[in-house]
Amino acid sequence: MTMVTVEVPSVLANALEGQRSLQVPLPEDGTVGSILDALGERYPLFARRVRDERGQVRRYVNIFVGPDNIRRLQGLDSTVSPGQDVLIMQSVAGG
Amino acid sequence: MDNDQRTIMAIGTKKGLWLAESTDREAWTLNGPHFLNLEVPSVAIDTREGRTRILAGVNDWHWGPTVVYSDDAGATWSEPEQGAIKFPADTDTALARIWHLRPDTAERPGVVWAGCEPISVFRSTDSGESFELNRGLWGHPHRSQWGAGFGGAAVHSIVPNAADENTIHAAMSTGGVYRTTDGGTSWEPRNKGIRVGFDPDPYPEFGQCVHHITADAQDPNRLYAQNHGGVYRTDDSGDEWISIAEGLPADFGFVFLSHPRTGGTVWTIPLQGEGERIPVGGRLSVYRSTDAGNSWSEQHDGLPDADYNVVLRDAAAVDEHPGSVGVYFGTRGGEVFASNDEGAHFATVATRLPDVLSVRAAQFAGAAQ
């Protein structure tokens with residue numbers, strides 16, 4: 001099975017049992033949304049942190065496939081190819 | 001309850017939560033910040049069920065709003081993994097902010113109310129670990145016509161009726177006061193007599209920008225409202241409101257507190273006009289009435305003469321001390337004041353905190369932190 005690496009910032013690690021980097025099976029459709037769905041089933045707190053009740057990525061959360069923000073790709077439908085990493089980061093916000 | 005029992009005060013700010021403890025309500029020990037850099041617009045202290053539970057509505061700018069609670073005075077915090085407040089999938093709505101947390105009466109242990117943005121009421125029956133959306137209000141035909149106050153579109157006051165569990169009043173910005181008498185299945189606007197200054201019709205059925213409501217201690221059908229311009233009382237559960245602004249230096253403000261035991265005793269903190277939004281003339285004062293708003297007296301002892309900061313609707317509270325009730329409030333300038341004698345004298349508890357958004361205080365039955 002092809003695995004992809006999902007990396008998160010330290011503030012999200014508590015929602016992933018302390019992990020900042022996870023190896024996740026690449027779903028059949030290979031999309032970011034499916035990867036998050038699978039992770040969210042296992043880690044509900046992580047799911048709530050990253051996406052709201054509608055399933056939308058929160059406004060100040062950025063998700064990258066390789067170097068590209070999924071907002072400039074196809075959003076949650078953006079595909080992840082074998083060998084690419086998924087990086088989740090908080091954007092610059094607040095005051 | 002001993003009069004010297006400790007008191008705990010929860011202070012929610014724009015950038016975290018502080019907790020203050022005192023044995024005499026004069027000298028306070030402050031600890032925090034908890035949830036540093038996160039907004040805490042709502043706090044509650046639930047002393048029912050043999051423990052003291054501090055509930056906080058925490059808003060993480062990046063990772064969303066949530067409800068957390070502590071049963072050990074802030075030493076540890078719990079957050080339900082699935083999230084306490086969530087909009088059901090069929091609403092296609094996401095929770096934006098938890099504006100108000102309100103434990104119900106002692107006769108209804110476990111019941112906690114939440115007023116949220118977007119405009120909604122949620123009810124918990126397990127002491128705040130999970131909440132259910134009130135479908136009656138959410139499905140109200142007026143919903144599309146409710147507007148947003150300057151701070152957002154939210155239910156900010158929920159007042160359960162002490163004598164009748166099926167009657168609840170809720171106030172929202174900007175929709176006004178709504179009442180249910182069937183436990184939340186249906187809701188009716190109850191704004192007759194409350195004037196609006198921003199609509200061609202000065203007395204619409206709904207659409208008022210009510211800032212806060214509270215109930216009288218002895219008569220659950222008597223409620224008080226601080227409106228966006230206007231201070232009101234109803235003696236018939238909201239069927240009709242009358243002005244009680246006479247004697248106050250201004251009819252604008254956000255705060256309305258009622259005594260937990262003495263009927264007719266209430267406090268408000270007037271602000272200058274709707275555009276200025278500062279203590280009148282820069283003189284920060286609390287006004288108390290002991291005759292249900294028919295007359296008012298200024299309480300200024302211990303408060304600064306020059307203060308230009310707003311006191312927000314949930315940033316004020318009373319405790320239920322068995323002797324002399326405490327009065328507490330915080331300003332957007334980050335100062336927190338406490339009175340242990342029903343507002344006759346105030347002492348400074350904290351200075352230079354971030355903007356204070358929410359304050360609650362209670363006699364403390366839990367373990368010390």
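A polar contact here is a pair of N or O atoms within 3.5 Å; within protein, one of the two must be able to donate a hydrogen and the other to accept it, and residues adjacent in sequence count only if both atoms are side-chain atoms. By that rule, 10 residue pairs, with both members at pLDDT 80 or more, are in polar contact across the interface of chain A and chain B. The model is predicted, so local features need pLDDT of at least 70 and side-chain atom pairs count only at pLDDT 80 or more, while totals for chains, interfaces and linings use all residues. Residues are numbered from 1 along each chain as its sequence is written, chains are lettered from A and ligands numbered from 1 in the order in which they are written, and side-chain values use heavy atoms, with hydrogens and water left out.

The chain A side splits into 10 nonpolar, 3 polar and 6 charged residues; Ala, Val, Leu, Ile, Met, Phe, Trp, Tyr, Cys and Pro count as nonpolar, Asp, Glu, Lys and Arg as charged, and the others, Gly among them, as polar. In terms of contact (heavy atoms within 4.5 Å), 19 residues of chain A meet 20 residues of chain B. About 1600 Å² is buried between the two chains, with carbon and sulfur atoms giving 56%; buried area is the accessible area (1.4 Å probe) that two parts lose on being put together, summed over both. In chain A, the residues losing the most area to chain B are A:Arg48, A:Arg49 and A:Glu53, together 40% of what that side buries.

Now for the charges. In one salt bridge, A:Arg49 pairs with B:Glu79, the closest N and O atoms being 2.7 Å apart. This pair crosses between chains, from helix α3 of chain A to the loop between β6 (64–70) and β7 (97–103) of chain B. A:Arg49 is buried, at 12% relative accessible area, whereas B:Glu79 is partly exposed at 24%; buried means under 20%, exposed over 50%, and partly exposed in between (1.4 Å probe, protein chains only).

Within chain B, B:Arg283 forms a salt bridge with B:Glu298 (2.7 Å, N to O). B:Arg283 sits in the loop between β20 (266–271) and β21 (286–289) and B:Glu298 in strand β22 (residues 297–299), so this pair ties together parts 15 residues apart in sequence. B:Arg283 also meets B:Asp305 in a salt bridge (3.5 Å, N to O). Elsewhere, B:Glu49, B:Arg51, B:Arg53, B:Asp71 and B:Glu129 are linked in a network of salt bridges.

As for nonpolar cores (sets of buried Ala, Val, Leu, Ile, Met, Phe, Trp, Tyr and Cys residues joined through side-chain atoms within 4.5 Å), the largest has 37 residues, and B:Met9, B:Ile11, B:Phe329 and B:Val336 have the most contacts inside it. Apart from it lies another core, of 26 residues, including A:Val6 and A:Phe46.

Technical notes: A salt bridge is a side-chain nitrogen of Lys or Arg within 4 Å of a carboxyl oxygen of Asp or Glu. Helices (H or I, at least four residues) and strands (E, at least two) are DSSP runs, numbered from the N terminus.
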